[in-house]
Amino acid sequence: MVFFKLFANCIAVKGANRSLIVDLQKNSSHLIPNDMYEVLTKSDKIEISQLYAEYGEDNYNTIKDYFENLEELEIGFFCSENELNLFPELNLEFHYPFLIGNSILEGIDEIRVYEELIPQLEKLGCEYVEIILYQEIENNLLQSILDLFQISSIKHIGLIIKYDVTKDEKFLKKLTSTCLRLSKIILHSSVDEKLLEFKSFNLTYISYVKKELKSFNFCGVVDQGYFSTKMLHFTESQNHNTCLNRKISIDKDGNIKNCPSMKEIFGNIKEVSLEEVLNQTNFKRYWSISKNQIEVCKDCEFRHICTDCRAYTENPEDQYSKPLKCGYNPYTNVWEEWSTNPLKEKAIAFYEMSDLIKR
Amino acid sequence: MILIITEEADYSSSMVINWLLYYRINFIRINENDELHVECLLNDFRITNNSFNFLLSEIKGMWYRRGFLNIKIEKSENEIINNFKKAEFAKLKQYIYYKLSLLPNINSFTNSDVNKLVVNDIASEIGIITPQEYILSSKDELLLLDDLSQYATKSISGSAILDFGNFYTIGYTSLLNITEEYSKFFFPSLIQKYIKKKYELRIFFLHDQFYTMAIFSQRDETTRVDFRNYNRKNPNRNVPFELPIEIKVKLINLMNRLKLNSGSIDMIVTPNNEYVFLEVNPIGQYGMVSVPCNYYLDMKIANFFKNNTYE
Ligand code: SF4
């Protein structure tokens, strides 16, 4: 008796029109037709020759080829009856030992504010801090801000800052050698677009981009380049929002929000601590909105490797609406430019994003 | 308060500590290179270091991860007196380890140094299949074995990483290739018959629970004998595995005999579905089992202290 089983860390996700096998160990993914998805849900219960019989002679070769291909790709294996019980499914639990995973500090260029925020973020376990500045910042001040993180438990820092001539490679070399926590630096409003060799900058990913950032409305783009086949992402996405879960953001006025693009303010750092804000149940409202609940996404084969955005959605009134900046249609399997889609015009106008639109 | 005895570079300790912090469980991490002073009080010991200071009686649980307590002894001029002091101190240290072993714990220093040869004897007594193996030190004896190319040699002590300062060597298992150059007598070596494998098992055992991972490695010639000989381009497939109940019973039996409540066990499943026991390592790395199988072993270790210690 022979059966066919996917390896436990290769998980098939069914979409409206086709399915995706996500390989969580080797971090890759493979598209398969929905008919094959159905076959795979049975092939570890029904013996293979019986399965072939059930699908008839016409389908025999196709199914056989798929099995053999999946075996060749080491995504699944043929096994005997007594082995079936030895290979349990992967548990898709997600646990995280920190109250906050990442935070975004928007437009803050006062040392005093960082001095106040860093211990608070440490207390919440925050692992990653992203600092974004639309305005220019003087190099010494930037260095002093980063120095404050030196003895903190914050592990990684991302910088999005405005380019000026003093932000040359020499300065960046110095910055990345004094602050090993820097994992990325993006310089907006640059003269040209370039990517620096990250090996020469203590493994910091550095890119210059021409575009000037004036607000956070550049964020929220859904693109295959952002897909993640990591175990942590896939499991988190089962019951959580992969963008907003365990995120907190603070803007230049001290307002505490879920992310810089969200309108709602939950307090101000001058009056409340970050911990107090976390304890307001409302603050965590979006954390548990998973793709399974979001319109359209719930039918999409990419839903568990995709990113999400609750700030810019197709229908700004509906918190379960699809991310505005996704151009994928899971019913037709076609990717299109989202910004020129006539159905999205209203939402684009609502968010005052017309300056972002490619024409 | 939980005491963690470990090494500075041990990543797993840091991961477990993340969970202890999250649960707000107090802990002290002692690395092997932390020099300790012991002050003897009426009914207690005070253990101090530059960065911590605690009473033995404050400790309510212990995780012996690896390493040892590096307690400083004040040296005397006289070597004979020094040796006597050392012997006295060794007993005192043993007593501290003993006191700690009475607490809810994951492993203890005393049982952590297992002997592969003894373990294999006990395992076969219990009825666990073990590889056919010999300890040999001469070519003549070696040549008495049939089909020598089916044997491999392994270190008896387990670890075979040698640091020569400007380079280091890692020992891995490879099949014997007896040539003329073999000297007549050689250093006592463990010779083990190669076992055909369907898959290898890496088992993390924690308080009678099994967290097992199967490694499908046979397809790939580079990893045929020892999977430490990694193929990085196409890594082996690692998946969760459920041990048959009769194997679990035997392994629990073995761990009880060895007085180990936790450890990493290696086994092989042969094409005939035999479960062959290779070794147990009480202080082995478990991260490579935890991650691909999504077992959250760091959390499970922390959970033990959350559920079994009361301040
Ligand atoms: S529809 Fe778009 S946003 Fe939704 S899951 Fe699919 S790719 Fe992601």
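Author: Where chain B meets chain A, 28 residues of chain B are in contact with 33 residues of chain A, contact meaning heavy atoms within 4.5 Å. The model is predicted, so local features need pLDDT of at least 70 and side-chain atom pairs count only at pLDDT 80 or more, while totals for chains, interfaces and linings use all residues. Residues are numbered from 1 along each chain as its sequence is written, chains are lettered from A and ligands numbered from 1 in the order in which they are written, and side-chain values use heavy atoms, with hydrogens and water left out.

The size of an interface is often given as the accessible area lost when the parts come together. Between chain B and chain A the buried area is about 2500 Å², and carbon and sulfur atoms give 51% of it; this is the accessible area (1.4 Å probe) that two parts lose on being put together, summed over both.

Side chains of opposite charge can pair when their charged atoms come close. There are 3 salt bridges between chain B and chain A, a salt bridge being a side-chain nitrogen of Lys or Arg within 4 Å of a carboxyl oxygen of Asp or Glu. In one salt bridge, K198(B) pairs with E83(A), with 3.2 Å between the closest N and O atoms.

On the side of chain B that touches chain A, the elements giving two or more residues are α1 (11-22), β15 (209-216), β16 (237-241) and α6 (287-293) of chain B. Helices (H or I, at least four residues) and strands (E, at least two) are DSSP runs, numbered from the N terminus. The largest share of this side, 5 residues, comes from β16(B). By class, this side of chain B has 17 nonpolar, 6 polar and 5 charged residues. Ala, Val, Leu, Ile, Met, Phe, Trp, Tyr, Cys and Pro count as nonpolar, Asp, Glu, Lys and Arg as charged, and the others, Gly among them, as polar.

The surrounding sheets come next. In chain B, 4 strands form an open antiparallel sheet in the order β8-β13-β9-β12; two strands pair if DSSP finds at least two bridges between them. Here β8 (133-138) and β12 (174-175) of chain B stand at the edges with a single partner strand each, so one side of each has no neighbour in the sheet. Strand β9 (residues 151-154) of chain B pairs with β12(B) over 2 bridges in the antiparallel sense, and A152(B) stands opposite L175(B).

Chain A has an open sheet of 8 strands with mixed pairing, in the order β10-β11-β9-β8-β7-β6-β12-β13. Its edge strands, β10 (194-195) and β13 (256-257) of chain A, each pair on one side only. Within this chain, β6 (residues 102-106) and β7 (residues 128-132) of chain A run parallel over 5 bridges, and E106(A) has I132(A) as its bridge partner in β7(A).
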